Every structure is written in C-alpha cells, then in structure tokens.
Amino acid sequence: MDIAAVIALPPAPAFAVAGSSPARIGSLQRGPSVVGAATPPVASASSGTSSALAAFGLGLASASAAASARRQARRGAATGQRRPRAGAVAVAAATDVATETVKWQAAAETSLLNNYGKRSLTMERGEGHYLFDVDGRKFLDFTAGIAVNCLGHSDPGWVEVVAKHAGTLCHTSNLFLNKEQITLGEKLVKCSFADKAFFCNSGTEASEAAIKFSRKFHMMSGKPRTNFVCFDNAFHGRTMGALALTYKEAYKTPFQPTMPSSSFLPFNDAAALGAIDDTVCAVFVEPMQGEGGVIPATNAFMEALRKRCDEVGALLVFDEVQCGLGRTGKLFGYQMSGVLPDIMTLAKPLAGGLPIGAVLMTERIAECIVPGDHGSTFAGAPLVCAAGNYTFDRISNPAFLANVCEMGERIRAGLRRLGEPRGLTVRGEGLLCGLVFEDAAPCGAVQKAAQEMGLLVLTAGKGNVLRIAPALTVGPKEVDEFLDLLEKSMVHALDATKE
C-alpha cells in the first residue's frame, strides 16, 4: 500500500515525501500520481447537458491546470530541480519549499480577521481523502473539514451535480419554490421521525431556529416558557442564542450577557434530570457529543430524558449537526437509542461540503409556525439543495452505512492497539472516534507530530481527546495508512520523550 507521509517540519519544512495516488472505493477515480499535478477536470456532463455547461466545466479545469502549471514552473525555477516522481523524495532548501505558504500567511495577516489564530497550512486542492497545500505537500485528511466532507474531496458525482446547477439555477431566495429544496425536504421527512423540514445555512442557524420554534410552541399553548436546559460539554453554536446553550465558558465570556435562561446538567446522568421542571421550554442534547470529547449518550440516559420531558411538557431537541447523517453508522444519531425527539437540527455533511442547515420537527411544532415567524435569504437554494439531494442519496444507502460501521470498528480496534499499552482509552461510534489522553499536552503533541508526518486529525474535549472524523467513504487502505502514520506520530511525540 502506498503511504503518503508528507513531512512538514514547521515553520519551514525541508523535506516532502510524495506518495502515489491512493486506491478509492465506490465511484471515486484515481487521480494524478505526482504531487502538484493539475487538478482533474470536472466530471463530464450528461448527454442532456448544454454545450455551454460543458464549456463552463472545461474552462474551470483548464484554468486550474494552467494555474498548477505556473506554480510548478515557479517552484522548478526556484529550486532548479524537476518535480519528483511518485514515491521519490524531494529535497530542497527550507525557504524554497515553504515559499508559497509564507506568502499566503503574510497576505492573511494583512487582510483577514485573526479570529482563528495563525494557521500553518494553506490548502489548494483536495482529492478523495487527501489534501494538497500550496507547496505541493500531500496530507491524509482525517478531519473531513470538521465532519463536513462526508464524500471526501471532489467526489466526481457531486462535482457533476454542482457544476450542472451552477450553470442552470444557483439562487432564487425563498420568494419562490424550487424543486431541489422540495425534494430534499421530502427525503428528510420520509427517512426520519419528522413531519416538516426547515432549511437554513449552518448548524448554529439551525440551533437558533430550534430555539425560536420551541418558544413559539409554548406561546401558542397559552403558557409561555423561556428556560432551556443543556448539558456539560455541549456545543450548539457560536451565535448569541446558540452560544447560551454551549458549555465552554471561554466561548461565552467575552460576549456576556448571553441569553440568561439556560442551565446545564451533567451529561449521561439520569439522576440529575429531576432538575428539569415545568418552566423548561426545551432541552437540547447531542446523541453523541463531538466538540465535547466524542462522548456517546447512553440509551438509559436518552430514555430517561425523553420520559422527563414528557412529564413536564418540555420539548426535546436533538442536535445532530455533527453526529447525524451517517456519522455514527446510523442515518440519524437518535437511531442509536431509538428515542425520538420533537425537533432535530442537522448541518455539516448534508450538502457534502456546501453550507446548509436543517431543522426537522413534528407536526405539532410545525403547526405553530406561521408566515413571517422565521426566514432566510440564502437557505434552501437550488444549487446547495441539489448537492444535498445527491449527498443524502449516497449517505442513506444501507451499503454506505455498513461501510461506516465496518471502518469505524477497524479504526477503534487500531486505536486500542496503539492506545491501551500507553494507558489511553478509546470511544466513539461509526466514524467519529476519540483517543482520550490524560490531558491536553500529549494530545496536542501527537496532533502536531501527525501533521508533520502528513496526517491531519482534530482535537476535542479539553484538548485531551484526539478526534478522528474522516470522510464516510474511507476504505481499509486509508484506515491502515492512518493507523501507520498515527503510530509513528505517537512514537515521535510520546515514546521518544521518555527515553
């Protein structure tokens, strides 16, 4: 198996190992085997697609190829060397290798708000499970854009759908219906507990809508309620309403006061649920916490939570922005316990990489919302919903979900092999997995070493959980490559320091 181990020693890497293209599963095609080769053209249009659209796609591909050729020529002129063959090692001066990265970092500091901190990589293109930066370095991507790119990068079928609608109808606003939005709504309702769907543009927008819908429900009942209950380590978004439902104080402190009517209970503690009373408007919970540390809710906890909400008349809202839509190996996270919510929020993977959010709800919630209560200019646009239809059709296939379960088990088995001898624990479901360290320092060291070796992973919790969230199309070869690179990273970051 070819292993792409791109060694990027910050701040200016001196070596880069260019591996040959990985095997793909399903309909994914093999791409160029040389790092820095031209981006593949947009998938060919169907026979019914207009010649104008075909020219549009070819124009994009030609422009990309030309840009890649110019960059390659510049780097070749700077180093005086040919581009390496697949699997060859390119040795160059550190200042030469990082020329493009340094340039773009400087430009970012000049023009972009520094709310994300300094970023060490500038990505240029993606292909399957791999990302390539502006200096041609190749990375195995087990972040999937924070659980967004569920089909990997530049999936050919997804590209074809997006290109088609970019040349047909991109945006209309919600002054008009569009077929793609209606079709996606039908699919979500048919495959879930819900009776109605509302579209928005992100996970935090979905949380905001769920807050408003919950308040309106109780107002219409004649007994308005304002209080919300959430759980320790929860993450529901960064806009002001959703922020009030998010646990981490560091996210909230600079922006206080947030919505005052929210409180937090211990997660997975059924005995604590008695604090939910008849003043509570709604309870927000993630069936599996992602940002909070990759912590699945227990079935007993979810059943007790549903029972308590029913007893006091509070609505139950499931936040499945990260754990929904195939990530756990189930189409929806609530299917792990079988407990049904009143409202559910979705977002990250729904359009395969384009911004989208959705709120699903039962009829008793939907009938309380009337024209003018809520809305969005961009939500449910035909291009984004076309991508959503294609993505949902792929995710909802039983064979697709079976692969998520199988690859998740393969990852966790490998993590246990690497982690247990070092006193580390493993948790998660499907393809959202966590390797739990004692504290943030060793976890961060492993993440940094992994990036230096060409592997991208996330952290979660208090910085002490290595969060693994690859594309849902990942196969055995990519999983084994991940485990190999992670093992080397752990040896470098943990074991070497003990000697």
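Reader: In what order do the four strands of the open sheet with antiparallel pairing lie?

Author: This is a predicted model, in which local features need pLDDT of at least 70 and side-chain atom pairs count only at pLDDT 80 or more, while totals for chains, interfaces and linings use all residues. Residues are numbered from 1 along each chain as its sequence is written, and side-chain values use heavy atoms, with hydrogens and water left out.

The order in this open sheet is 15-16-19-18, and the pairing is antiparallel; strands (E, at least two residues) and helices (H or I, at least four) are DSSP runs numbered from the N terminus, and two strands pair if DSSP finds at least two bridges between them. Strand 15 (425-429) and strand 18 (458-460) stand at the edges with a single partner strand each, so one side of each is left without a neighbour in the sheet. From one strand to the next the twist averages 30°, where axes are lines fitted to C-alpha atoms, for helices over the stretch in contact, and angles run from 0 to 180 degrees between N-to-C directions. Strand 18 pairs with strand 19 (residues 465-468) in the antiparallel sense over three bridges, and Thr 459 stands opposite Leu 466 in strand 19. Packed on the sheet is helix 14 (residues 440-452), which touches strand 18 and strand 19 and whose direction makes about 40° with that of strand 19; contact here means heavy atoms within 4.5 Å.

Beyond the sheet, the protein has 15 helices and 19 strands, and of its 499 residues 53% count as buried, that is, under 20% relative accessible area, with exposed meaning over 50% and partly exposed in between (1.4 Å probe, protein chains only). Its largest nonpolar core has 85 residues, with Leu 305 and Phe 482 having the most contacts inside it; such a core is a set of buried Ala, Val, Leu, Ile, Met, Phe, Trp, Tyr and Cys residues joined through side-chain atoms within 4.5 Å. Leaving aside neighbours within four places in sequence, Leu 305 is in contact with Phe 231, Leu 273, Ile 276, Val 283, Val 285 and Leu 316. A second, separate core of 24 residues includes Cys 230, Ile 343, Ile 365 and Cys 368.

Leu 305 is also one of the buried residues of helix 10, among them Phe 301 and Met 302, and what covers these buried residues includes strand 7 (227-231), strand 9 (280-285) and strand 12 (315-319).
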